[in-house]
Structures are given as C-alpha cells and as structure tokens.
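Subject: Structure for your review

Dear colleague,

Please find the structure below, together with its sequence. My notes on what was found in it follow.

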Amino acid sequence: MSIRVLFFASLADIAGTRETQVDPATVTDVVSVFNKLARQYPSLEKYRSSVLFALNSEFAGAESPVQDGDELAFFPPVSGG
Amino acid sequence: MIRLVRDVIDIRKVADSLQKPEDGAVVLFEGVVRNHSQDKPVRFLEYDAYEPMALKKLEEIESRAKKEFEIRDIAIVHRLGHMDIGECSTVIVVASAHRGPAFDACRFAIDTIKKIVPIWKKEFYEDGEVWIEGTP
C-alpha cells in the first residue's frame, strides 16, 4: 500500500532524493501529501506557492484526491526548450 | 515523431526523415545553449525531465499542432543531460504544403514546450549552479 512520490529539479535537490513513498491511509489529497512531506523535508515549505503537481503524469490541482497506487510528482515551473 | 534523447541531435537527419514529396515547406527550429543568462556567463547546462510525462505532453503538442494548423507532419526532439555552449537542446521540424502554417505550428510547438512539458534546465556558472524555474 503506497503512493509513489517523485521530486524533480530544485525540489529533488531540496528533498535530497528523487523518490519517496507515502502511506495512502495517512493522506487524502495532493496538498495533504505535500503537507506531510514538508514536515519531513522542511525546506520544501518555501516552494508551497510555486510547486506544480502531476498525478499519474497529468497536471493536477492541490485538492485532487489521491489513492493507493498513484504516482504523484512535485516540481517547479518548467524551463525546457 | 517525438523523441527524448541523450546524444547530439542531427537536425538534418530529422528533417530528411520527415520530408515527403508533397511538402512545399519544411521549417527547422533549433534551441541552442547560450553562453550567458542575463549578464552572467554560463559554462554549460544540464537538462532533467519527468520522462513519461514529458513524452505524453510532447505527444499532446504534436497532435494539437496537426489539428490546429494546416501541416502534414511535425517532429520534436528534446535532448537531456549535459550540453555545452552552442549545442542543440531542442529540434522542431514542421512539414507542410505551404510555409505559413509550418512557421505558425513551429512557433506554437516551442512556445508550448516552454509552458507545459516537464523538463528543467540547470545553469552552471564559474561560481555555482542554479535550477531555472519557469521561462520568460
């Protein structure tokens, strides 16, 4: 039972990892996962206003519900091209 | 045609593989690594991506370009990893019967890549490195 959480770019540097797991019983929506991980990695807090969320490879809002088996990505605004 | 690659992109090969006899215009765009960011000298770049989502978003751009512009085909190749100054990070090739839609679709593709495709660049300077967040 887990939600796979991915970090990219500056958020991966801050978390010190590119991937972690969250127990789905402890969270309800995307922002609750962010809140939980911000307690674990306090430096994430300063990204609260700019972080983008992707749930199963699609952009998602903070209130999107999460469930067991989901892949949730946290990342900064994109800068490719 | 959509690709994420880690080696040098040969834009001529991409264009040759796309072009067909019915095309009257082939527009080629190369995004290249610049030696400065604002006034700061840049030594090199590294690109990171959320690859499955980046491919999905590039495919969306490909299908929107084909639907919204009168083009025959489009190819988008984005390179990831380390890139030196002058190297090409992004190639877009658009083939169509006439030049107007080809230019327009190419502009749409690069502008949309910079907004919705989860790829990030890190700039390396003499005195440090910074992840770039968002594009102007």
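Two strands are taken to pair if DSSP finds at least two bridges between them. Helices (H or I, at least four residues) and strands (E, at least two) are DSSP runs, numbered from the N terminus. In that sense, strand 2 and strand 8 of chain B are joined by eight bridges and run antiparallel.

This is a predicted model, in which local features need pLDDT of at least 70 and side-chain atom pairs count only at pLDDT 80 or more, while totals for chains, interfaces and linings use all residues. Residues are numbered from 1 along each chain as its sequence is written, and chains are lettered from A and ligands numbered from 1 in the order in which they are written.

Contact here requires that the C-beta atoms of two residues, placed from the backbone, lie within 7 Å.

Within the sheet, L28(B) stands opposite V93(B) in strand 8 of chain B. Six bridges connect strand 6 of chain B to strand 8 of chain B, and the two run antiparallel. On strand 8 of chain B, A95(B) stands opposite D73(B).

How far is strand 8 of chain B enclosed by the rest of the structure? Eight of its nine residues are buried, so strand 8 of chain B is largely enclosed. A residue counts as buried if 20 or more other C-beta atoms lie within 10 Å of its own, as exposed if 12 or fewer do, and as partly exposed in between, with C-beta atoms placed from the backbone.

Helix 3 (residues 99-116) of chain B has 18 residues and reaches 26 Å from its first C-alpha to its last, close to the 26 Å expected at 1.5 Å a residue. The expected span is 1.5 Å times one less than the number of residues. P101(B), A102(B), A105(B), C106(B), A109(B) and I113(B) are the buried residues of helix 3. They cover an arc of only 135° around the axis, which puts them on the same side of helix 3 of chain B; the arc is that of the directions from the helix axis to the C-beta atoms. An α-helix has 3.6 residues a turn, so residues three or four places apart point the same way. The cover over the buried residues of helix 3 includes strand 2 (25-32), helix 2, strand 6 (73-79) and strand 8 (88-96) of chain B.

Helix 2 (residues 51-68) of chain B also has 18 residues. From its first C-alpha to its last, helix 2 reaches 25 Å, close to the expected 26 Å. Its buried residues are M53(B), A54(B), K57(B), L58(B), I61(B) and A65(B). Seen down the axis of helix 2, these fall within an arc of 135°, so they line one face. E59(B), S63(B) and K67(B), on the other side of helix 2, are exposed.

The antiparallel sheet of chain B

A further open sheet of chain B has four strands in the order 7-5-9-10, with antiparallel pairing. Strand 7 (81-84) and strand 10 (128-131) of chain B form the edges, each with a single partner strand, so one side of each is left without a neighbour. Neighbouring strands in this sheet are turned by 25° against each other on average, direction ignored. Strand 9 (residues 119-125) of chain B is joined to strand 10 of chain B by four bridges, and Y125(B) has G128(B) as its bridge partner.

G81(B) lies in strand 7 of chain B and is partly exposed, with 13 other C-beta atoms within 10 Å.

Yours sincerely

Methods. Axes are lines fitted to C-alpha atoms, for helices over the stretch in contact, and angles run from 0 to 180 degrees between N-to-C directions.
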